[in-house]
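Let's take a friendly walk through this model, one region at a time. Have the viewer open and follow along.

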Amino acid sequence: MIDTNAGFLISRIKQIGSRLFDRLLAEKNIGAFNGAQGRILYVLWQADGVSLSEIAKNSGLATATLTSMIDRMEAAGLVRREAHATDRRKFQIVLTEKARALEAEYKAVSDETTALHFKGFSDEEIRAFEGYLRRVLENLEEAEK
């Protein structure tokens with residue numbers, strides 16, 4: 001296999017992209033949540049009322065990290081914990097109206113960030129790049145099992 005810096009580059013892209021996303025949120029006066037909390041909200045905007053483990057799986061955040069983040073988001077009025085319908089030992093995370101109202105603003109910042117990521121790329125290049133990333137992700141997920 002060739003010598004590669006792909007892991008380093010991916011890590012740097014994530015670091016810089018996260019800082020840029022947070023900066024854009026601040027510039028747009030969207031102070032209700034940060035980028036990491038936005039990942040949680042994004043998962044809930046796709047499917048509201050899910051378990052912590054579902055959020056962890058779909059956001060890439062560790063369950064241990066999520067607990068304190070959900071606590072802060074609950075205190076900020078973005079989410080609430082509700083008892084699971086069939087299992088009293090479990091709870092699900094549900095969006096509040098305040099969080100639902102932020103979805104369009106989040107999407108606008110997300111779209112702006114995506115445009116910055118892919119500036120100068122053709123649609124074909126973007127599709128190919130995302131295909132390569134999916135393959136890398138599948139390889140890593142398979143190795144993690």
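His117 counts as partly exposed because its relative accessibility is 38%, where buried means under 20% relative accessible area, exposed over 50%, and partly exposed in between (1.4 Å probe, protein chains only). His117 and Gly17 are 100 residues apart in sequence, yet 8.1 Å apart in space, C-alpha to C-alpha.

Before going on, a word on conventions. This is a predicted model, in which local features need pLDDT of at least 70 and side-chain atom pairs count only at pLDDT 80 or more, while totals for chains, interfaces and linings use all residues. Residues are numbered from 1 along each chain as its sequence is written, and side-chain values use heavy atoms, with hydrogens and water left out.

Next comes the largest pocket, with a volume of about 2,000 Å³. On a 1 Å grid over the protein atoms alone, a pocket is an open set of points where a 1.4 Å probe fits, with protein on both sides within 12 Å along at least five of seven lines; lining residues have an atom within 4 Å of a point. The volume is the space filled by probe spheres set on the points, which are joined across faces, edges and corners. Of the 36 lining residues, Ile10, Ile13, Lys14, His117 and Leu133 are the closest to the pocket's centre. Helix 1 gives the largest share of the lining, 11 residues, and helix 1, helix 2 (35–46), helix 3 (52–59), helix 6 (103–117) and helix 7 (123–144) each supply at least two.

Now turn to the charged contacts. A salt bridge is a side-chain nitrogen of Lys or Arg within 4 Å of a carboxyl oxygen of Asp or Glu, and by this rule the count comes to 10. One of them joins the side chains of Glu112 and Lys28 (3.1 Å, N to O). This pair links distant parts of the chain, with Glu112 in helix 6 and Lys28 in the loop between helix 1 and helix 2, 84 residues apart.

Arg100 forms a salt bridge with Asp48, the closest N and O atoms being 2.6 Å apart. Arg100 sits in helix 5 (residues 97–101) and Asp48 in the loop between helix 2 and helix 3, 52 residues apart. Arg100 also forms a salt bridge with Glu97, at 3.0 Å between the closest N and O atoms.

Note on methods:
Helix = DSSP H or I, 4+ residues; strand = E, 2+ residues; numbered from the N terminus.
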